[in-house]
Amino acid sequence: MKAVGFLPMLFLAVACGPAYIDGTTVLDNPANRELVETVESYRQAVEQRNVEALAQIVSRAYFENSSTTAQSEDDYGYEELLRKTMPILRDNIKKVVYRVKVERVKVDGARAAVFVDFDLQCQYVEGGLEGWSTAKDRNRLDFVLEDGKWKIIAGL
């Protein structure tokens, strides 16, 4: 008889639990959903080698220090990203398979960080030679809210 009373309570506890964005453990709310969707747009643009779409997702204030804070030789911003890095994706990369799993989202006002696990495979041509490169790692994409849209400001 006690089991009958337990089942409605269990149902209520499960039904009233937090909602997550499909395929993630990220709480479903407008900001988190928009960030996860932006990460997916970024992933698709990389796979399609669509530098125009990437340029729309990246903030003009983009800055990358390549995780070498003590060295500035490898630092670059938005203009260099467009001028030097994106043409490599467009011209030297022939095929991309890019899987991204969003693990966590942290929003702090007009700034956010999205923590992802990724698996990247790409076919490239360099100096007339073709090859494949693979990478599997964790990354943090930093975002800034610009004109009502989340844009990547660091972490590509």
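In the hairpin formed by strand 4 (111-126) and strand 5 (129-146), 2 residues lie between the strands, and Gly127 takes a positive phi near 60 degrees. Strands here are DSSP runs of E with at least two residues, whereas helices are runs of H or I with at least four residues, and both are numbered from the N terminus. The model is a predicted one, in which local features need pLDDT of at least 70 and side-chain atom pairs count only at pLDDT 80 or more, while totals for chains, interfaces and linings use all residues. Residues are numbered from 1 along each chain as its sequence is written, and side-chain values use heavy atoms, with hydrogens and water left out.

Strand 4 and strand 5 run antiparallel and are joined by 16 bridges; two strands are said to pair if DSSP finds at least two bridges between them. Within this pairing, Cys122 has Ser133 of strand 5 as its bridge partner, and Val116 stands opposite Asn139 of strand 5. A second hairpin, made by strand 5 and strand 6, also has 2 residues between its strands, and Asp147 in the turn has a positive phi of about 50 degrees. These two strands run antiparallel as well and are joined by 5 bridges, with Lys151 in strand 6 as the bridge partner of Val144.

Taken together, 4 strands form an open sheet in the order 3-4-5-6, with antiparallel pairing. Strand 3 and strand 6 (149-154) are the edge strands, each pairing on one side only. Neighbouring strands of the sheet are turned by 30 degrees against each other on average, direction ignored, where axes are lines fitted to C-alpha atoms, for helices over the stretch in contact, and angles run from 0 to 180 degrees between N-to-C directions. Helix 2 packs on the sheet and touches strand 3, strand 4, strand 5 and strand 6, its direction making about 165 degrees with that of strand 3; contact means heavy atoms within 4.5 Å.

The largest pocket has a volume of about 880 Å³. A pocket is an open set of points on a 1 Å grid over the protein atoms alone, where a 1.4 Å probe fits, with protein on both sides within 12 Å along at least five of seven lines, and lining residues have an atom within 4 Å of a point. Grid points are joined across faces, edges and corners, and the volume is the space filled by probe spheres set on the points. The lining comprises 27 residues, of which Tyr42, Tyr76, Thr85, Gly155 and Leu156 lie nearest the centre. Helix 4 supplies the largest share, 5 residues.
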